[in-house]
Amino acid sequence: MRILLVSGFLGAGKTTFIKELAKNINLEFVVLENEYADIGIDRDFLDEKNLNVWEMSEGCICCSMKGDFKSSIKRIYSEINPEYLIIEPTGVGMLSSIIENIREINNNDIEILSPLTLIDITSFNEYLKTFNDFFYDNLKNTGKVILTKLESFNSFDVESIKSEILKTNSNLEIITTDYRYFPKEWFGEILNKNIDNKIIDKSFSLKTHINLRTFSKENVNLKTMDELGLLLNRLVNGDFGKIYRAKGIVKIDGYWGKFNLVYKNFEMEPITDAKGTKIVIIGNNLDIKNLKNI
């Protein structure tokens, strides 16, 4: 069983990448989703036919859920033994610790592939400053960086961010064009590059782990686009605290939709169907009392 780690900070586009990988590679995958909150949302959108999704929520596989994480991998290996297991950690998980946790399983039939890290360039500078330990750990221990949400950035801005990343790890391969237009062979190469005997650069400790507050709610009472727009603007403006990530499923005027908010940007897209409305918000100093009234 080969394991591919797809890491990246909150909202970097990890789930979107996994869907694209599944579209381009005609193989059966198991995906292990680690949700920071107690309600999972990404699983609802990993709907490619060749994806078997497992979920671990309300904790982080790099630390608080370390034991459960290793048990889940062992169970997937013994019960399914897929050719590939794709692991999507929480957007605050330390990559060094996750790699070490897998290595501790000590099974010669389990092979770790060279990890990928996705970086949303729209919030890179702000997050690098605020969550320096997280980015340092990921950039030191990943095999490839993929820059996402490139649409509104010119080549000069992209090269500037690339140069900043290379200051941390000058050996990194950094993808600065939209991977969605790459050939199937490019995705295939990702699944054939082993981590080998890479020495993990580990400065991780519980003191450096990012601790954010989460708020989750099901049966969200948003019925018009105006209500949704007002909520998203209030989240961005800090009315409920410092919001780094919000995502949800809503039903507006009889139509289902999904929204994504990352730092100060948000987007909405229609979906065909869902089991129910729900929302997850991650940040600091959250006004839980008022959020409950959504």
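One term before we start: a residue counts as buried under 20% relative accessible area, exposed over 50%, and partly exposed in between. Also keep in mind that this is a predicted model.

**Stop 1: the two domains.** Colour residues 2-191 as domain 1 and 212-292 as domain 2. Their C-alpha centres lie 24 Å apart. Where they touch, 21 residues of domain 1 are in contact with 20 residues of domain 2. The area buried between domain 1 and domain 2 is about 1800 Å², with carbon and sulfur atoms giving 68% of it.

**Stop 2: across the boundary.** The count between the two domains is 2 salt bridges. Select Glu35 and Lys247: their side chains meet in a salt bridge at 3.4 Å, N to O. Now pick helix α4 (residues 124-130), which gives the most to the side of domain 1 that touches domain 2, with 3 residues.

The side chain of Lys242 meets Glu126 in a salt bridge (3.9 Å, N to O). Lys242 lies in strand β10 and Glu126 in helix α4, so this pair ties together parts that are 116 residues apart in sequence.

**Stop 3: Glu111 and Arg2.** These two form a salt bridge, with the closest N and O atoms 3.3 Å apart. Glu111 sits in strand β5 and Arg2 in strand β1, 109 residues apart. Is Glu111 buried, exposed or partly exposed? Its relative accessible area is 25%, so Glu111 is partly exposed. Arg2, at 22%, is partly exposed too.

**Last stop: a network.** Select Lys66, Lys70 and Glu104, which are linked by salt bridges.

Conventions
Residues numbered from 1 in each chain as written. Predicted model: local features only at pLDDT ≥ 70, side-chain atom pairs only at ≥ 80, totals over all residues. Heavy atoms only, no water. Domains from an automatic or database assignment. Contact = heavy atoms within 4.5 Å. Buried area = accessible area lost by both parts, 1.4 Å probe. Salt bridge = Lys/Arg side-chain N within 4 Å of Asp/Glu carboxyl O. Helix = DSSP H or I, 4+ residues; strand = E, 2+ residues; numbered from the N terminus. Buried < 20%, exposed > 50% of the residue type's maximum accessible area, 1.4 Å probe, protein only.
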